[in-house]
Amino acid sequence: NLADPTLDATDDPLHHPHPLLGDVRVRQAIQAVIDKQLIVDELLYGATTVGVSELSLGWAKCDIAPSVYDPEQAAHLLDEAGFVDEDGDGIRECHGCQYAEAGTPLRLKLQTTSGSQLREEVQQLIVEMARAVGIDFYIENVPSAELFGSWGAGAFRKHGHFDVLMYSTSDGIDPHELLFSYFHSSQMPVEANGGAGFNYSRWVNAKADAALEAAAKTPDMAARKADYQTVCEQVDAELPQIYLYDRSELHLARANVTGFVINPWSGQGWNMEEWDLQ
């Protein structure tokens with residue numbers, strides 16, 4: 001969340017930034033301290049790839065380099081941002097930081113859906129990795145219905161009352177709707193739009209806005225791909241989201257089934273009229 005979480009659904013995060021996450025160097029430090037390859041190898045059996053962008057496959061796949069696991073660089077970024085551990089308790093505090101009051105600890109609430117073993121194990125690793133450089137994440141998970149609740153029900157994700165959330169997104173063959181709703185500045189859930197849109201980070205980026213608007217106006221696939229690349233590059237630079245890993249979907253069939261074709265964009269039975277048994 002890039003906006004002040006004490007405010008209700010602000011549409012002006014630039015003037016009301018998150019006291020800790022509003023500084024891009026803190027977000028960069030968080031990414032640098034996460035060993036994504038370890039998460040893939042240990043919790044996902046090495047059966048997927050490290051996350052790099054919103055578009056990880058398909059014609060519009062973005063070309064973004066994987067982040068580098070570098071705790072030393074993370075510590076340097078936090079020092080530069082004015083977060084240091086002066087009292088020696090292992091947790092950094094604000095001493096000359098940009099937005100928080102002096103002495104504010106670098107403590108952030110990390111939330112996901114309760115009951116998911118994989119997500120909870122990922123959380124535990126992130127807590128350990130971040131603690132090594134003085135970032136204090138604490139876990140406070142909630143049921144899916146609460147995390148993904150509606151604007152009218154007062155869901156904290158919609159109203160911006162959170163620090164860091166972990167959940168999954170999925171693009172389709174044409175990624176425009178997903179990219180626009182998650183990253184265009186007009187898509188922040190606010191009172192004026194009845195909570196529509198998925199820009200929960202409340203991210204504002206003029207280059208990304210312009211690229212998304214340009215992509216919506218042309219049928220030229222190469223031009224659209226270039227526009228989406230611009231969006232992914234801006235996300236990678238400013239980190240309203242950090243991508244941990246790509247989720248794999250497993251489709252299985254018996255060896256005597258013929259005509260079975262895997263389609264990453266649809267369900268397993270998408271071409272079942274072509275199946276046969278030997």
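This is a predicted model: local features need pLDDT of at least 70, side-chain atom pairs count only at pLDDT 80 or more; totals for chains, interfaces and linings use all residues.

Let me begin with the pair formed by Cys62 and Cys232, whose sulfur atoms are 2.2 Å apart. Cys62 sits in the loop between helix 2 (36-43) and helix 3 (71-80), while Cys232 belongs to helix 9 (residues 221-238), so this pair ties together parts of the protein that are 170 residues apart in sequence. As for the geometry, the link of Cys62 and Cys232 is right-handed, with 65° about the S-S bond.

Are these two cysteines buried or exposed? With the cut-off for burial set at under 20% relative accessible area, Cys62 counts as buried because its relative accessibility is 4%, and Cys232 likewise counts as buried, at 5%.

The other disulfide joins Cys94 to Cys97, with a distance of 1.9 Å from S to S. Which hand does this one have? The torsion about the S-S bond of Cys94 and Cys97 is about -95°, and therefore the disulfide is left-handed. Cys94 is buried, with a relative accessible area of 1%, and Cys97 is also buried, with a relative accessible area of 11%.

If we now number the bonded cysteines of the protein chain in sequence order, the pairing reads 1-4, 2-3.

Asn263 is buried, since its relative accessible area is 15% and the cut-off is under 20%. What does the side chain of Asn263 reach? It reaches the backbone nitrogen of Trp265, at 2.9 Å. If we leave aside residues up to four places away in sequence, Asn263 touches His251 and Trp270.

Finally, please look at Glu42, which lies in helix 2. Glu42 is exposed, with a relative accessible area of 53%, where exposed requires a value over 50%. How far apart are Glu42 and Lys158, in sequence and in space? They are separated by 116 residues in sequence, and from C-alpha to C-alpha the distance between Glu42 and Lys158 is 33 Å.

Definitions and conventions:
Residues are numbered from 1 along each chain as its sequence is written. Side-chain values use heavy atoms; hydrogens and water are left out. A disulfide is a pair of cysteine sulfur atoms within 2.5 Å. Helices (H or I, at least four residues) and strands (E, at least two) are DSSP runs, numbered from the N terminus. Buried means under 20% relative accessible area, exposed over 50%, partly exposed in between (1.4 Å probe, protein chains only). A polar contact is a pair of N or O atoms within 3.5 Å; within protein, one must be able to donate a hydrogen and the other to accept it, and residues adjacent in sequence count only if both atoms are side-chain atoms. Contact means heavy atoms within 4.5 Å.
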